Amino acid sequence: MTILNFKDIPEANGSDAPDTFELFARDFLGYLGYTILENPSRGADGGKDLIIQETRSGISGNTYIKWLVSCKHYAFTGKSITPTDEQSISDRVEHHKCDGFIGFYSTLASSGLMARLSSLTDKFIFQVFDSSLIESKLIGNLEGELLARRYFQKSMNTFLIENPRPIQLFDEVPTLLCEVCKKELINNELVRKSIIVFYYKFTSEPFHKSYVKITTCCKGKCDRTLSENLDFLSGWEDLSDLKSPLIYLRHIIGFINELNSSHSSYSQEAIDSLKTIFIRLFPFVCRELNTHDKELIEGLYKIPSALGGLG
(Lines give C-alpha, C1' and ligand atoms only; values in the text may rest on other atoms or scores of the structure.)
Protein backbone atom coordinates (compact mmCIF):
# COMPACT_ATOMS: atom_id res chain seq x y z
CA MET A 1 0.00 0.00 0.00
CA THR A 2 1.36 3.42 -1.00
CA ILE A 3 1.96 5.75 1.95
CA LEU A 4 3.30 8.91 0.32
CA ASN A 5 1.13 10.83 -2.14
CA PHE A 6 3.53 12.80 -4.33
CA LYS A 7 0.73 15.25 -5.08
CA ASP A 8 1.52 16.67 -1.64
CA ILE A 9 4.47 18.34 -3.39
CA PRO A 10 3.33 21.29 -5.57
CA GLU A 11 3.56 21.11 -9.35
CA ALA A 12 6.50 22.77 -11.02
CA ASN A 13 4.14 24.92 -13.11
CA GLY A 14 1.27 27.01 -11.82
CA SER A 15 2.11 26.83 -8.11
CA ASP A 16 3.55 29.22 -5.56
CA ALA A 17 6.45 26.84 -4.87
CA PRO A 18 7.59 25.53 -8.27
CA ASP A 19 11.00 24.37 -7.00
CA THR A 20 9.73 22.16 -4.17
CA PHE A 21 10.32 18.82 -5.89
CA GLU A 22 13.91 19.75 -6.76
CA LEU A 23 14.48 20.91 -3.18
CA PHE A 24 13.05 17.61 -1.94
CA ALA A 25 15.43 15.74 -4.25
CA ARG A 26 18.36 17.72 -2.83
CA ASP A 27 17.37 17.00 0.78
CA PHE A 28 16.57 13.35 0.05
CA LEU A 29 19.90 12.68 -1.66
CA GLY A 30 21.72 14.52 1.10
CA TYR A 31 19.92 12.32 3.62
CA LEU A 32 21.19 9.24 1.73
CA GLY A 33 24.75 10.52 2.11
CA TYR A 34 25.51 12.26 -1.17
CA THR A 35 27.36 15.59 -1.13
CA ILE A 36 25.51 18.39 -2.91
CA LEU A 37 27.85 20.17 -5.32
CA GLU A 38 25.30 22.30 -7.20
CA ASN A 39 21.87 23.17 -5.80
CA PRO A 40 18.66 23.65 -7.79
CA SER A 41 18.44 27.04 -9.49
CA ARG A 42 16.00 29.01 -11.61
CA GLY A 43 16.60 29.60 -15.31
CA ALA A 44 18.55 27.60 -17.89
CA ASP A 45 20.23 24.67 -16.16
CA GLY A 46 21.94 22.88 -19.04
CA GLY A 47 19.81 19.77 -18.57
CA LYS A 48 20.57 19.22 -14.88
CA ASP A 49 18.66 19.99 -11.72
CA LEU A 50 21.40 19.00 -9.28
CA ILE A 51 25.01 17.91 -9.33
CA ILE A 52 25.95 15.62 -6.45
CA GLN A 53 28.96 13.58 -5.44
CA GLU A 54 29.19 10.09 -4.00
CA THR A 55 32.21 8.96 -2.00
CA ARG A 56 33.03 5.27 -2.16
CA SER A 57 35.60 4.01 0.33
CA GLY A 58 37.99 1.26 -0.66
CA ILE A 59 41.21 -0.40 0.47
CA SER A 60 43.31 2.01 -1.59
CA GLY A 61 41.38 5.11 -0.57
CA ASN A 62 38.26 6.97 -1.65
CA THR A 63 36.71 7.09 -5.10
CA TYR A 64 34.53 10.07 -6.00
CA ILE A 65 31.62 9.73 -8.42
CA LYS A 66 29.93 12.81 -9.77
CA TRP A 67 26.24 12.45 -10.62
CA LEU A 68 23.96 14.58 -12.77
CA VAL A 69 20.44 14.56 -11.31
CA SER A 70 17.35 15.12 -13.45
CA CYS A 71 14.04 15.67 -11.60
CA LYS A 72 10.64 15.04 -13.20
CA HIS A 73 7.48 15.62 -11.15
CA TYR A 74 4.60 14.06 -13.12
CA ALA A 75 2.51 12.85 -10.17
CA PHE A 76 -0.43 15.09 -11.09
CA THR A 77 -0.78 13.50 -14.53
CA GLY A 78 0.47 10.03 -13.56
CA LYS A 79 2.51 9.98 -16.76
CA SER A 80 5.65 7.81 -16.86
CA ILE A 81 8.98 9.34 -17.85
CA THR A 82 9.80 8.54 -21.47
CA PRO A 83 12.90 9.04 -23.66
CA THR A 84 11.18 12.15 -25.03
CA ASP A 85 11.18 13.64 -21.53
CA GLU A 86 14.87 12.82 -21.05
CA GLN A 87 16.60 13.82 -24.26
CA SER A 88 20.37 13.98 -24.94
CA ILE A 89 21.24 12.29 -21.67
CA SER A 90 24.75 11.36 -22.75
CA ASP A 91 25.51 14.90 -23.94
CA ARG A 92 24.22 16.38 -20.67
CA VAL A 93 26.33 14.03 -18.56
CA GLU A 94 29.42 14.81 -20.64
CA HIS A 95 28.74 18.59 -20.66
CA HIS A 96 28.67 18.73 -16.86
CA LYS A 97 31.70 16.43 -16.58
CA CYS A 98 29.74 13.82 -14.57
CA ASP A 99 30.33 10.10 -14.20
CA GLY A 100 26.71 9.07 -13.85
CA PHE A 101 23.05 9.99 -14.32
CA ILE A 102 20.28 9.88 -11.68
CA GLY A 103 16.65 10.10 -12.71
CA PHE A 104 14.60 11.35 -9.75
CA TYR A 105 10.91 10.84 -10.55
CA SER A 106 7.57 11.11 -8.77
CA THR A 107 6.12 8.46 -11.11
CA LEU A 108 7.86 5.64 -13.02
CA ALA A 109 10.47 5.51 -15.75
CA SER A 110 9.00 3.94 -18.88
CA SER A 111 10.43 0.71 -20.26
CA GLY A 112 11.66 2.74 -23.24
CA LEU A 113 13.64 5.09 -21.01
CA MET A 114 15.12 2.20 -19.02
CA ALA A 115 16.18 0.52 -22.27
CA ARG A 116 17.72 3.78 -23.47
CA LEU A 117 19.70 4.21 -20.24
CA SER A 118 20.87 0.60 -20.32
CA SER A 119 22.19 1.08 -23.84
CA LEU A 120 24.41 3.93 -22.64
CA THR A 121 26.19 2.11 -19.80
CA ASP A 122 29.42 2.02 -21.81
CA LYS A 123 29.50 5.82 -21.41
CA PHE A 124 28.19 6.37 -17.87
CA ILE A 125 26.48 4.65 -14.97
CA PHE A 126 22.89 5.41 -13.98
CA GLN A 127 20.32 5.10 -11.20
CA VAL A 128 16.57 5.74 -11.17
CA PHE A 129 14.70 6.78 -8.03
CA ASP A 130 10.98 6.35 -8.68
CA SER A 131 8.15 7.06 -6.22
CA SER A 132 8.17 3.55 -4.75
CA LEU A 133 11.93 3.45 -4.17
CA ILE A 134 11.92 6.94 -2.66
CA GLU A 135 9.17 5.93 -0.24
CA SER A 136 11.01 2.76 0.79
CA LYS A 137 14.09 4.80 1.70
CA LEU A 138 12.06 7.15 3.93
CA ILE A 139 9.45 5.09 5.76
CA GLY A 140 10.66 2.97 8.66
CA ASN A 141 13.60 5.22 9.45
CA LEU A 142 13.24 8.03 12.00
CA GLU A 143 15.39 10.51 10.09
CA GLY A 144 13.69 9.58 6.83
CA GLU A 145 10.22 10.02 8.29
CA LEU A 146 11.19 13.43 9.68
CA LEU A 147 12.22 14.44 6.15
CA ALA A 148 8.98 13.01 4.73
CA ARG A 149 6.96 15.08 7.20
CA ARG A 150 8.48 18.26 5.73
CA TYR A 151 7.42 17.51 2.16
CA PHE A 152 4.46 15.12 2.55
CA GLN A 153 2.55 16.67 5.42
CA LYS A 154 -0.90 15.30 4.50
CA SER A 155 0.37 11.78 3.77
CA MET A 156 2.51 11.59 6.90
CA ASN A 157 -0.23 12.98 9.17
CA THR A 158 -2.50 10.14 8.02
CA PHE A 159 0.27 7.56 8.26
CA LEU A 160 1.36 8.54 11.78
CA ILE A 161 -2.20 8.51 13.11
CA GLU A 162 -2.68 4.97 11.81
CA ASN A 163 0.87 3.88 12.73
CA PRO A 164 1.61 5.83 15.92
CA ARG A 165 5.13 6.21 17.24
CA PRO A 166 5.83 6.46 20.96
CA ILE A 167 6.65 9.98 22.12
CA GLN A 168 10.19 10.68 23.30
CA LEU A 169 9.32 10.89 27.00
CA PHE A 170 12.23 9.00 28.54
CA ASP A 171 15.95 8.88 27.76
CA GLU A 172 15.64 5.20 26.87
CA VAL A 173 13.07 3.42 24.70
CA PRO A 174 10.45 1.89 27.05
CA THR A 175 10.41 -1.91 27.15
CA LEU A 176 8.28 -4.69 28.59
CA LEU A 177 9.66 -8.22 28.55
CA CYS A 178 7.93 -11.58 28.57
CA GLU A 179 8.60 -13.05 32.01
CA VAL A 180 9.26 -16.47 30.48
CA CYS A 181 11.18 -16.02 27.20
CA LYS A 182 12.41 -12.46 27.93
CA LYS A 183 11.43 -11.19 24.47
CA GLU A 184 10.58 -7.51 24.02
CA LEU A 185 6.79 -7.11 23.74
CA ILE A 186 5.73 -3.52 23.12
CA ASN A 187 8.08 -2.16 20.44
CA ASN A 188 7.21 -4.61 17.66
CA GLU A 189 4.42 -6.72 16.19
CA LEU A 190 4.78 -9.19 19.08
CA VAL A 191 2.60 -6.82 21.12
CA ARG A 192 -0.49 -8.28 19.40
CA LYS A 193 0.45 -11.72 20.75
CA SER A 194 1.16 -10.53 24.30
CA ILE A 195 -0.91 -10.22 27.46
CA ILE A 196 -0.89 -8.77 30.94
CA VAL A 197 -1.73 -11.53 33.42
CA PHE A 198 -3.38 -10.78 36.77
CA TYR A 199 -2.90 -13.52 39.39
CA TYR A 200 -5.21 -13.43 42.39
CA LYS A 201 -6.79 -15.45 45.14
CA PHE A 202 -9.96 -15.12 47.19
CA THR A 203 -9.52 -14.47 50.89
CA SER A 204 -11.72 -15.60 53.78
CA GLU A 205 -13.70 -12.36 53.50
CA PRO A 206 -16.75 -12.65 51.23
CA PHE A 207 -16.06 -11.70 47.58
CA HIS A 208 -12.64 -10.27 48.45
CA LYS A 209 -10.13 -10.69 45.64
CA SER A 210 -6.45 -10.31 46.50
CA TYR A 211 -4.06 -9.65 43.60
CA VAL A 212 -0.70 -11.22 44.35
CA LYS A 213 1.17 -10.89 41.06
CA ILE A 214 0.83 -8.99 37.78
CA THR A 215 3.13 -9.67 34.85
CA THR A 216 3.48 -9.64 31.06
CA CYS A 217 4.12 -12.58 28.76
CA CYS A 218 3.54 -14.02 25.30
CA LYS A 219 0.25 -15.75 24.61
CA GLY A 220 0.23 -19.52 24.35
CA LYS A 221 3.26 -21.49 25.49
CA CYS A 222 4.77 -18.79 27.74
CA ASP A 223 1.41 -18.09 29.38
CA ARG A 224 0.86 -21.79 30.05
CA THR A 225 4.38 -22.24 31.42
CA LEU A 226 3.91 -19.33 33.79
CA SER A 227 0.48 -20.47 35.01
CA GLU A 228 1.71 -24.01 35.70
CA ASN A 229 4.27 -22.66 38.16
CA LEU A 230 1.85 -20.46 40.10
CA ASP A 231 -0.98 -21.80 42.22
CA PHE A 232 -3.37 -18.85 41.71
CA LEU A 233 -6.42 -17.93 39.68
CA SER A 234 -5.72 -15.61 36.79
CA GLY A 235 -7.25 -13.12 34.38
CA TRP A 236 -5.64 -11.40 31.42
CA GLU A 237 -5.81 -8.42 29.11
CA ASP A 238 -4.34 -7.99 25.61
CA LEU A 239 -1.26 -5.79 25.91
CA SER A 240 -2.03 -4.15 22.57
CA ASP A 241 -5.44 -3.00 23.85
CA LEU A 242 -3.79 -0.99 26.60
CA LYS A 243 -1.91 1.01 23.97
CA SER A 244 -5.29 2.49 23.02
CA PRO A 245 -5.75 5.80 24.95
CA LEU A 246 -9.31 5.23 26.17
CA ILE A 247 -8.67 1.62 27.24
CA TYR A 248 -5.52 2.71 29.04
CA LEU A 249 -7.44 5.41 30.90
CA ARG A 250 -10.19 2.95 31.78
CA HIS A 251 -7.66 0.62 33.41
CA ILE A 252 -6.02 3.46 35.35
CA ILE A 253 -9.39 4.50 36.77
CA GLY A 254 -10.34 0.88 37.45
CA PHE A 255 -7.08 0.35 39.34
CA ILE A 256 -7.68 3.46 41.47
CA ASN A 257 -11.25 2.37 42.21
CA GLU A 258 -10.13 -1.12 43.25
CA LEU A 259 -7.50 0.29 45.59
CA ASN A 260 -10.32 2.05 47.43
CA SER A 261 -12.65 -0.97 47.36
CA SER A 262 -13.35 -3.35 50.20
CA HIS A 263 -13.72 -6.18 47.68
CA SER A 264 -10.15 -6.19 46.40
CA SER A 265 -6.57 -5.59 47.46
CA TYR A 266 -3.12 -5.65 45.89
CA SER A 267 0.19 -6.91 47.19
CA GLN A 268 3.03 -4.42 47.01
CA GLU A 269 4.63 -6.56 44.29
CA ALA A 270 1.44 -6.42 42.21
CA ILE A 271 1.16 -2.63 42.66
CA ASP A 272 4.80 -2.08 41.66
CA SER A 273 4.40 -4.29 38.59
CA LEU A 274 1.25 -2.52 37.46
CA LYS A 275 2.84 0.90 37.92
CA THR A 276 5.77 -0.21 35.78
CA ILE A 277 3.42 -1.43 33.04
CA PHE A 278 1.46 1.85 33.07
CA ILE A 279 4.66 3.91 32.92
CA ARG A 280 6.20 1.87 30.08
CA LEU A 281 3.00 2.02 28.02
CA PHE A 282 2.39 5.75 28.52
CA PRO A 283 4.59 6.98 25.62
CA PHE A 284 2.51 4.81 23.26
CA VAL A 285 -0.77 6.22 24.59
CA CYS A 286 -0.05 9.97 24.16
CA ARG A 287 -1.42 10.20 20.63
CA GLU A 288 -4.58 10.53 18.56
CA LEU A 289 -7.04 7.67 18.16
CA ASN A 290 -6.40 5.56 15.05
CA THR A 291 -8.86 3.35 13.17
CA HIS A 292 -8.06 0.27 15.30
CA ASP A 293 -8.70 2.28 18.51
CA LYS A 294 -12.06 3.53 17.24
CA GLU A 295 -13.19 0.04 16.20
CA LEU A 296 -12.06 -1.38 19.54
CA ILE A 297 -13.97 1.26 21.49
CA GLU A 298 -17.09 0.83 19.33
CA GLY A 299 -17.03 -2.89 20.08
CA LEU A 300 -16.54 -2.37 23.82
CA TYR A 301 -19.56 -0.07 24.00
CA LYS A 302 -21.66 -3.04 22.89
CA ILE A 303 -20.50 -5.04 25.94
CA PRO A 304 -21.96 -4.29 29.41
CA SER A 305 -19.47 -2.81 31.88
CA ALA A 306 -20.15 -5.72 34.25
CA LEU A 307 -18.61 -8.00 31.61
CA GLY A 308 -15.59 -5.79 31.05
CA GLY A 309 -16.97 -3.53 28.34
CA LEU A 310 -17.86 0.16 28.23
CA GLY A 311 -21.63 -0.23 27.81
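Lys 97 sits in the loop between H2 and S4, and has a positive phi of about 55° although it is not a glycine. For background, most residues other than glycine have a negative phi.

Quick caveat: this is a predicted model, where local features need pLDDT of at least 70 and side-chain atom pairs count only at pLDDT 80 or more, while totals for chains, interfaces and linings use all residues. Residues are numbered from 1 along each chain as its sequence is written, and side-chain values use heavy atoms, with hydrogens and water left out.

Back to phi. Ser 88 also has a positive value, near 55°, and belongs to the loop between S3 and helix H2 (89–95). Ser 88 is partly exposed, at 45% relative accessible area.

Helices and strands here are DSSP runs numbered from the N terminus: H or I of at least four residues for helices, E of at least two for strands. Strands pair if DSSP finds at least two bridges between them.

Now the sheet. Five strands make an open sheet, ordered S1-S2-S3-S4-S5, with mixed pairing. S1 (35–38) and S5 (125–129) are at the edges with a single partner strand each, so one side of each has no neighbour in the sheet. S1 runs antiparallel to S2 (residues 50–58), joined by three bridges, and Glu 38 is opposite Ile 51 in S2.

What about H1 and H5? Helix H1 (residues 20–32) and helix H5 (residues 142–151) pack at about 170°, axes 11 Å apart. Axes are lines fitted to C-alpha atoms, for helices over the stretch in contact, and angles run from 0 to 180 degrees between N-to-C directions. H1 and H5 are therefore roughly antiparallel (that's over 145 degrees; under 35 is roughly parallel, 65 to 115 roughly perpendicular, the rest oblique). On the H1 side, the contact residues include Phe 24, Phe 28 and Tyr 31, and on the H5 side Leu 147 and Tyr 151; contact means heavy atoms within 4.5 Å.

Which residues of H1 are buried? Among them are Phe 21, Ala 25 and Leu 29. The buried residues of H1 pack against S2, S3 (61–72), S4, S5, H4 (131–138) and H5.

Methods
Buried means under 20% relative accessible area, exposed over 50%, partly exposed in between (1.4 Å probe, protein chains only).
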